[in-house]
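Me: Could you go through this structure with me, one question at a time?

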Amino acid sequence: ALELEEARAEGLATLADALEELDGVRRELAVSKARCDATEHAASGLAEERKVELKRWRAGAEEVERLRKMLADDTAAQAKSLKIVEKHRGVLTLARAELTSQSHLMTSQVDKLTSQEAELKKLAADLGEERARRAAGADEVAALRNEVTSANKALDGKVAELERARQAKRGCW
């Protein structure tokens, strides 16, 4: 926007300089025309010189008109450029607002995800503890099974021993 303002200021300064230059050319043309008129009245032999001056004056007037038109076109182009810049500025402002809104939304989502991550870590730690308890319980169950198996074998041995003793007693009767 500052560059456009500077460019516009330069364009306006150039326009002012050109208008001053045009005024100077007009004055010169007016002086030349007056000289031509005086020359025509003074001597008919100078009529050719007057025609040349008139042609120069007309060429100058055409140049002045061409410059005036150029300046008008430049001014219109600058106005159009400023409108485009203003339009883009509005679009950029809307885009900036949208990005800010999305940034806030993303920050909120990151906060939620961070909170969920902390909860998941806590759940994972709890799960690890539960697994450790279950593993310890499984070890205890295996130890108890081994004890029960050993006790069953011992009982089986005692039952077999009693059975032999009973049979031996029967044989004795």
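Me: Is Glu130 buried, partly exposed or exposed?
Reply: Glu130 counts as partly exposed, at 28% relative accessibility. Here buried means under 20% relative accessible area, exposed means over 50%, and partly exposed is in between, with a 1.4 Å probe and protein chains only. Before we go on, please keep in mind that this is a predicted model, in which local features need pLDDT of at least 70, side-chain atom pairs count only at pLDDT 80 or more, and totals for chains, interfaces and linings use all residues. Residues are numbered from 1 along each chain as its sequence is written, and side-chain values use heavy atoms, with hydrogens and water left out.

Me: Which residue does the side chain of Glu130 meet in a salt bridge?
Reply: The side chain of Glu130 meets that of Arg133, at 2.5 Å from N to O. A salt bridge is a side-chain nitrogen of Lys or Arg within 4 Å of a carboxyl oxygen of Asp or Glu. Glu130 and Arg133 are 3 residues apart in helix H2, so about one helical turn separates them. Glu130 and Arg133 are also linked with Arg134 in a network of salt bridges.

Me: Why can such side chains pair?
Reply: Side chains of opposite charge can pair when their charged atoms come close.

Me: How many salt bridges are there by this rule?
Reply: The count comes to 10 salt bridges. One of them joins Asp126 and Lys122, at 3.3 Å from N to O; both residues lie in helix H2, 4 residues apart, which is about one turn of the helix. Asp126 is partly exposed at 31% relative accessibility, whereas Lys122 is exposed, with a relative accessible area of 52%.

Me: And what does Asp23 pair with?
Reply: Asp23 forms a salt bridge with Arg26, and their closest N and O atoms are 3.4 Å apart. These two are 3 residues apart in helix H1 (residues 2–42), so they too are separated by about one helical turn. Asp23 is partly exposed, with a relative accessible area of 34%, and Arg26 is partly exposed as well, with 37%.

Me: Changing topic, is Glu53 buried or exposed?
Reply: Glu53 counts as buried because its relative accessibility is 15%. Glu53 is found in helix H2 (residues 47–172).

Me: What does Glu53 touch?
Reply: Not counting residues up to four places away in sequence, Glu53 touches Ser32 and Cys36, where contact means heavy atoms within 4.5 Å. The side chains of Glu53 and Ser32 are also joined by a polar contact of 3.3 Å. A polar contact is a pair of N or O atoms within 3.5 Å; within protein, one must be able to donate a hydrogen and the other to accept it, and residues adjacent in sequence count only if both atoms are side-chain atoms.

Me: How many helices and strands are there in the protein?
Reply: The protein has 2 helices and 0 strands, where helices (H or I, at least four residues) and strands (E, at least two) are DSSP runs, numbered from the N terminus.
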